[in-house]
Amino acid sequence: MNSNENSRAYVLSVLTGDTLLVRYSDHPQKYGVILLPVSCAPQLSIFLNSSINDPFALESLNFLRNHIENKRVLIGPPSQSYTGPRVFTHQTLGALPVSI
């Protein structure tokens, strides 16, 4: 994907209330993780090293799953201001590139 182009993808799974696992339409064997930059979803306890979820963590996850999972999406160019990790390690798929 050129840095100035949009890309189409299929949402395979919602990992958290603000993170998606996608398969790109132009390269069916290419997977990626998309962080939704306009949301800051409540975190699940597995990411907080705690036994208590943030308030509404499951509700935000289920809302996103009901509305976007198994659907095609259009992904814009990556944000240049993102300074977080560029690779997400998935249990089954291994290292995946992160897009914002």
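Student: Which residue lies over the face of Tyr 24?

Tutor: That's Lys 30, at 4.8 Å from the ring centre. Keep in mind that this is a predicted model.

Student: Let's zoom out. How many helices and strands does the protein have?

Tutor: Two helices and six strands. Going along the sequence, the pattern reads β-β-β-α-α-β-β-β.

Student: And what share of the residues is buried?

Tutor: Buried residues come to 32% of the 100 in the protein. As for the surface, the protein exposes about 6,600 Å², and carbon and sulfur atoms supply 54% of that.

Student: What about contacts between residues 24 or more positions apart?

Tutor: Those account for 46% of the contacts with a separation of 6 or more.

Student: Now the inside. Which residues have the most contacts within the largest nonpolar core?

Tutor: Leu 20, Val 22, Ile 68 and Ile 75, in a core of 14 residues. The elements that each give two or more residues to this core are strand E1, strand E2 (19-24), helix H2 (57-68) and strand E4. H2 gives the most, with four residues.

Student: Pick Leu 20, then. What does Leu 20 touch?

Tutor: Leaving out residues up to four places away in sequence, its partners include Val 11 and Val 14, then Val 33, Ile 34 and Leu 36, plus Leu 64 and Ile 68. Ser 13 and Gly 32 are also touched by Leu 20.

Student: Switching to E4. Which residues are on the covered face of that strand?

Tutor: Val 73 and Ile 75. The uncovered face of E4 has Arg 72 and Leu 74. Ile 75 is also among the core residues with the most contacts.

Student: In what sense do E1 and E4 pair?

Tutor: Antiparallel, over four bridges, with E1 covering residues 7-16 and E4 covering residues 72-75. One of the partners to look at is Val 73 in E4, which bridges to Ala 9.

Student: What about the loop between H2 and E4? Where does Asn 70 sit, and what's its phi?

Tutor: Asn 70 is in that loop. Its phi is near 65 degrees, a positive value in a residue other than glycine. Asn 70 is partly exposed, because its relative accessible area is 48% and that class runs between 20% and 50%.

Student: And Lys 71, what does Lys 71 touch?

Tutor: Lys 71 is in the loop between H2 and E4 too. Skipping residues up to four places away in sequence, Lys 71 touches Ala 9, Tyr 10, Val 11 and Asn 66. Lys 71 is partly exposed, with a relative accessible area of 41%.

Student: How far apart are Lys 71 and Val 11 in sequence and in space?

Tutor: They're 60 residues apart in sequence, and 5.6 Å apart in space, C-alpha to C-alpha.

Key
Residues numbered from 1 in each chain as written. Predicted model: local features only at pLDDT ≥ 70, side-chain atom pairs only at ≥ 80, totals over all residues. Heavy atoms only, no water. Buried < 20%, exposed > 50% of the residue type's maximum accessible area, 1.4 Å probe, protein only. Pairing = 2+ DSSP bridges. Core = buried A, V, L, I, M, F, W, Y, C linked by side-chain atoms within 4.5 Å. Contact = heavy atoms within 4.5 Å. Lys NZ or Arg CZ within 6 Å of the ring centre and 35° of its normal. Areas by Shrake-Rupley, 256 points an atom, 1.4 Å probe, with all protein chains shown as cover.
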